[in-house]
Amino acid sequence: MILREYRPADCPQLADLFYHTVHTVNTKDYTEEQVNAWATGQVDLEAWDRSFREHYTVVAEENGLLVGFGDIDQTGYLDRLYVHKDFQGRGIATTLCNRLEQAVAGSIVTHASLTARPFFEKRGYTVLREQQVERHGVRLTNYVMEKRRS
């Protein structure tokens with residue numbers, strides 16, 4: 001596996017990876033209605049590309065296939081972290097997170113899904129609060145989590 005920085009040409013593949021991951025991996029914790037609202041398949045690629053370029057964004061690549069990605073902003077907000085459905089459990093999210101966490105100083109905050117919460121807890125993140133977010137009129141539960149560092 002190769003870890004590298006994001007390139008704008010990656011954006012369509014990352015949007016596709018996001019959609020398919022949510023619609024397979026996250027279905028164990030969310031209803032069909034919820035995953036359809038969360039990942040509609042209609043990503044604004046220009047907005048995503050701009051966000052990826054403004055953040056520190058890394059992608060995991062294996063044999064030319066993008067198998068995971070994550071991004072973090074300068075304040076320590078870990079925005080997205082997704083791993084291809086066929087590459088779960090291989091340490092890709094851990095490797096991505098290690099790189100992202102090294103990119104900023106201070107505490108890191110993320111909004112973790114029900115599915116991702118155990119992963120972040122194992123990394124030393126604590127739940128600050130549970131919250132309900134609305135996507136396209138549908139409510140989803142997630143957790144504001146923080147990893148405190150000095």
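Reader: Which side chain makes a polar contact of 2.6 Å with the side chain of aspartate 71?
Author: A polar contact is a pair of N or O atoms within 3.5 Å. Within protein, one atom must be able to donate a hydrogen and the other to accept it, and residues adjacent in sequence count only if both atoms are side-chain atoms. At 2.6 Å, the partner of the aspartate 71 side chain is the side chain of histidine 55.

Reader: From which number are the residues numbered?
Author: This is a predicted model: local features need pLDDT of at least 70, side-chain atom pairs count only at pLDDT 80 or more, and totals for chains, interfaces and linings use all residues. Side-chain values use heavy atoms, with hydrogens and water left out, and along each chain, as its sequence is written, residues are numbered from 1.

Reader: Which side chain does aspartate 71 reach at 2.9 Å?
Author: Aspartate 71 has its place in strand β3. Helices (H or I, at least four residues) and strands (E, at least two) are DSSP runs, numbered from the N terminus. At 2.9 Å, the side chain of aspartate 71 makes a polar contact with the side chain of arginine 80.

Reader: Does aspartate 71 count as buried or exposed?
Author: Buried means under 20% relative accessible area, exposed over 50%, and partly exposed in between (1.4 Å probe, protein chains only). Aspartate 71 has 0% relative accessibility, so it counts as buried.

Reader: What share of the 150 residues counts as buried?
Author: The C-alpha trace spans about 35 × 35 × 30 Å along its principal axes. Of the 150 residues, the buried share is 48%.

Reader: Why do the buried residues of α3 line one face, and within what arc do they fall?
Author: In α3 (residues 45–54), the buried residues are Trp48, Asp49, Ser51 and Phe52. The arc is that of the directions from the helix axis to the C-beta atoms. Seen down the axis, the buried residues line one face because they fall within an arc of 165°.

Reader: Which exposed residues does the other face of α3 carry?
Author: The buried residues of α3 pack against α1, β2, β3 and β4. Turned away from that buried side are Glu46, Arg53 and Glu54.

Reader: Which strands are the edges of the sheet?
Author: The open sheet has seven strands with mixed pairing, in the order β1-β2-β3-β4-β5-β7-β6. Two strands pair if DSSP finds at least two bridges between them. Two strands pair on one side only: β1 and β6.

Reader: At about what angle does α1 run to β3?
Author: Axes are lines fitted to C-alpha atoms, for helices over the stretch in contact, and angles run from 0 to 180 degrees between N-to-C directions. Contact means heavy atoms within 4.5 Å. α1 lies across β2, β3 and β4, and to β3 it runs at about 90°.

Reader: How many bridges join β6 to β7?
Author: These two strands run antiparallel. In β7, leucine 140 is the bridge partner of valine 133. The bridges that join β6 to β7 number nine.

Reader: How many of the ten residues of β7 are buried?
Author: β7 also runs antiparallel to β5, joined by six bridges. Strand β7 (residues 138–147) is mostly covered. Of its ten residues, the buried ones number nine.

Reader: Which side chain makes a polar contact with that of histidine 111?
Author: Histidine 111 lies in strand β5. At 33% relative accessibility, histidine 111 counts as partly exposed. Its side chain makes a polar contact, at 3.3 Å, with the side chain of glutamine 131.

Reader: Which residue's backbone oxygen does the side chain of histidine 23 reach?
Author: Histidine 23 lies in the loop between α1 (11–22) and α2 (32–38). At 3.3 Å its side chain reaches the backbone oxygen of valine 35.
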